[in-house]
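Here are some friendly notes to read alongside the model. Please keep the viewer open as you go through the points.

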Amino acid sequence: MNRATLVRKSLFRKKVRAILLILSIAIAFFIFGALGAFYKAFNSGVEVAAADRLVTVNKINFTVTMPLAYQARVAQVEGVRNVSHASWFGGYYQEPQNFVQTFAVDPETYLIAYDELTLPPEQREAFLTDRTCLAAGRALANQYGWSLGDRIPLLSNIWQQQDGSSAWDFTICAIFDADDDAVPTNYAIFHYDYFNETLAFNRDQLGWLIVSTTDPALNAEVSQAIDALFANSPAETETTTEAAFTQAFLEQIGNIGLILTSVIGAAFATILMIVGTTMVLAVDERTKEIAVMKTLGFTAPSIFAMTLGEVFLLSLLGGLIGLGLAWTLVSLAAESLAGFIPGLGISLDIALIALALMVGLALLTGLLPAMRAMNVQISTALGKL
Amino acid sequence: MTEDLRQDTLYQLDHVSKSYTRGKERVDIFTDLTMQIGRGEFIAIMGPSGSGKTTILNLLGGIDRPSAGEIAFKGQRIDNLGQGKLATWRAHNVGFIFQFYNLMPTLTAIENVELPLLLLKMSGKERRRRAETALDIVGIADRAGHKPRQLSGGQQQRVAIARAIVADPAVLMCDEPTGDLDRESANSVLETLQLLNTELGKTIVMVTHDPAAASFAKKELHLDKGRFVEREALA
Amino acid sequence: MFRQSLAVTLINLKSIPQRPGMSIATIISVALVVGVLLGFSAMANGFRATVQGTGSQDVAIFLRSGAQAELNSGLSRDEVRLIEEAPGLARDSGGEAIASAELYVIVDGTKRSSGTDANIPLRGVGEDAALLRQNFELVEGRMFAPGSNDLVVGRSVQREFSGFEMGEEIRLGNNNWQIVGVFSTGGTVFDSEIWADLGVIQNLYNRGSGVQTVRARLENPDAIERVRAYAENEPRLNLDVQAEQAYYASQAGATSDLIMYLGWPLSIAMAIGAFAGAWNTLYSSVDRRTREIATLRAIGFSGFPAFVGTMAEALMLSAIGGLVGAAAVYLLFNGVSASTLGGSFTQIVFSFAVTPSAIIAGIVMALVIGFLGGLVPAIRAARVPILAVHAD
Ligand SMILES: Nc1ncnc2c1ncn2[C@@H]1O[C@H](COP(=O)(O)OP(=O)(O)OP(=O)(O)O)[C@@H](O)[C@H]1O
Ligand SMILES: [Mg+2]
């Protein structure tokens, strides 16, 4: 037996109570871990945004197109290393419900802009040369069970070909991965030219430009220069960093962060109260035992430490169990949700915040009972009988 | 004070006063109490309820401090030690035995006995060995793995005695150790105490209401109105 | 037995104030669970009410086949003309169909709450547009003048976005607009839109004579079938024809379902935490009253009243918690305005709606927590042995 045994035994003196407390703490940390993972994945677009990448959209709104000629003009701007462009295709596969995120892009410059995308050299070559090639992301290919060589017709809910059809035929000649799990691969890209020349309307227009600067320090300058280039034209532009653009888009959905923080806050408020009041009660219940320990020669600081240790043990047990549950759930969900929410997982920083919360919880709920335990007066407590 | 005297004297109390304030009122329990307790003594303290028996045990045991005066243990003053020092002093020098045993309900008998050893520098193995020996001395080694709830009052009190002696303190403070026991269990507990006194040389200070219990001691002190009246034991 | 139970229950309830800390912790934890559940359902219900309340049964909306949303659709002037000839459409005295060809583009507005840009639909409409929206009402100012840069804004847009004050000039993209009126359609999705003259929008956005949708009044709701048959048999038309109400109903589902897919599991998880808390509280309550319960047993009470008494305490605490949670959500959130990205990629402004059925669901959840949390402690109370009279 040692002091740790003492701490453990006094925590589990009432087994049901200890288990219930651990359960409620575990639930709070489970909620924290799961929501944290989802929130992080949801926001990963902001985090994986390259520092030197700018997005230029039509000033009216990013859904409004602009002339194809803009690409060449922006390429002339000083500080610009690469300019690519993409257009929203609004694709679906077979049924309108089978939504497929698809972009018509300028292939060569696109792969330079998004150098985090990786694909074998021969597939890269195939994608660059074959006009009807569809390069599908790994997550998307998995979602629909596509493999190299498959012929896939994709329908657009926006665009039409001159013959009135809204279906384009593709061959999957490349499947790309990303060098980081948080980078989404749940979309497909194909040649803008193949798309543009068949279009019934809105030809020679592009959706948005992806501009890589030679140095992130030049971002502000380059943005201003690009927007100045098109000022007072029919299609004025607005250039921001990729991160800012993504952030603004996410904020359109609503203040998800606030909602999730409120829920986590409510979960933690619950356990703070439950654990706090129970621990005060637990210490009050054994005032006499504490008095006996003090009589035997345990000093006030060591009583304080052991009581606090008990709450730490409780908090860590519950917290780790909850985090483990969250990890299990998130790992199970990650596979099936890879197409919708890429990069789902309990990252190191979530685990570290959780650990800090466990310590915080233990301190908040443990300090008062530990003080009460420390201040137990031997003569009054033993006199009580 | 001669060298000789210091050798024999375990406790030296000089002009000790103890008073409590209850609201505005001050209650004096002792005023100017001077006395010695020698090594190897077995003293029974008797007296009416509220006369201050527990109070004197608390002062001797280093749980409480006098309002005035000095208390020395083996020539060292203990009345002026801080709370922390006093706690460590208790761990090394005093064993306590209570009327209601006060064992830790979550710990087994042997773990209860081991408890005070956590305060001394000692390996886990050594602690276990000494706890076993202590249980053996009080004759309850066969119940080492039992929780207090599974033991009778007499058995619990034996475990409590084992806990009190395990750190090998010089003195045992017993507050009505047989107050909650039947005659038979009481006698066997008292015999154990006697044995500890005679064989192991433990100094014992025992508060009791029971003259029969008191008769196990070598010396009886009667406490009344803050004064001790000595009476040599008959037995 | 009933009188015994009543007596013990009363003793029990009266003793709650002796355990204030844990009782309040239980009440608040149940309140938080109910609060989370109601918060999410107020969001989902508010959104659903706004979207599903939009559109009428006797208005048909025509989209290009496969377009799914107005933004994606495109119709030529010829198609519009053919649509207006469809049988089953209501006609005015001159024999013209009551129809509105509309062009829907997205512009950026600045959200008041976050100061960031968000998508607002700018709808180019003709003269009949107002006739085709139930409860359309000009709250302030006047309608836009044809061919002008006048803008009328929905009331919700004004509430959630800055810069749309009556009489002000606003720049959207590279065009300046004059805000001349504010309209309301009684809290439907249209209130989240801004309207201008169709011809002006076509011109500014280089759409020629193209539009995206046509809305037309039907002779009666059943006439939709005739209209649909006509569109299918006309080779020059390739359309999806839907009753406007059905169109919006299908758009409400995904978002509000998603909110509840998040809301339910979260509140159930939290309920498990609160359940553990309630159990714990009642366990302590029974613990503290062991002696009292045993005394009652000793003087002849049976175990059942002890069960009832503990259960009553559990249900009482959780019901209070449920009511507190519901009241708090109602006071804090009911009617609060928010906006999110809707099915057509634009902001839909809605108000949180705490509905009676959601409140009932919340209270039921609270009582379930109380019942399950109280069950084991109550059984334990019923089984307190008489010998425990002597307990510490
Ligand atoms: N902490 C305290 N504050 C105030 N008064 C106290 C305190 N502790 C003890 N007293 C009082 O001091 C007196 C002596 O108490 P003590 O406990 O020493 O009596 P006792 O002789 O042990 O009595 P008993 O035989 O009933 O155990 C009593 O009057 C008691 O009320
Ligand atoms: Mg006493």
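How many helices and strands does the secondary structure of chain C come to?

1. Chain C has nine helices and 13 strands, where helices (H or I, at least four residues) and strands (E, at least two) are DSSP runs numbered from the N terminus. The radius of gyration of chain C is 30 Å, well over the 21 Å that the globule rule gives for 392 residues, so chain C is more spread out than a compact globule. Here the radius is taken over C-alpha atoms, and the rule is 2.2 Å times the number of residues to the power 0.38. Along its principal axes, the C-alpha trace of chain C spans about 95 × 45 × 30 Å.

2. A word on conventions: this is a predicted model, in which local features need pLDDT of at least 70 and side-chain atom pairs count only at pLDDT 80 or more, while totals for chains, interfaces and linings use all residues. Residues are numbered from 1 along each chain as its sequence is written, chains are lettered from A and ligands numbered from 1 in the order in which they are written, and side-chain values use heavy atoms, with hydrogens and water left out.

3. Of the 392 residues of chain C, 56% count as buried; that means under 20% relative accessible area, with exposed over 50% and partly exposed in between (1.4 Å probe, protein chains only). Taking contacts (heavy atoms within 4.5 Å) in chain C between residues at least 6 apart in sequence, 79% join residues at least 24 apart.

4. Helix 3 of chain C (residues 77-84) has C:E79, C:V80, C:L82 and C:I83 buried. These residues cover an arc of only 165° around the axis, which puts them on the same side of helix 3 of chain C; the arc is that of the directions from the helix axis to the C-beta atoms. Their packing partners in chain C include strand 1 (59-64), strand 2 (99-111) and helix 6 (224-233).

5. Strand 3 of chain C (residues 117-125) is mostly covered, with eight of its nine residues buried. Strand 2 of chain C joins strand 3 of chain C through eight bridges, running antiparallel, and C:L103 stands opposite C:G124. These two strands form a hairpin with five residues between them, and C:G115 in the turn has a positive phi of about 75°. Strand 3 of chain C also runs parallel to strand 9 of chain C (residues 194-197), with four bridges; C:L122 has C:I194 as its bridge partner. Two strands count as paired if DSSP finds at least two bridges between them.

6. In chain B, four strands form an open antiparallel sheet in the order 2-1-4-5. Strand 2 (25-38) and strand 5 (76-77) of chain B stand at the edges, each with a single partner strand, so one side of each is left without a neighbour in the sheet. Strand 1 (residues 9-22) and strand 4 (residues 68-73) of chain B share five bridges, and B:Y11 is partnered with B:F73.

7. For chain A, an unreviewed UniProt entry lists "transmembrane region" at residues 20-39, 256-283, 303-330 and 350-370; such annotations may be inferred rather than shown by experiment, and feature names are shortened, with positions in the numbering used here. In the model, residues 256-283 of chain A are 100% helix, with end C-alpha atoms 40 Å apart. Residues 350-370 of chain A are also 100% helix, with end C-alpha atoms 29 Å apart.
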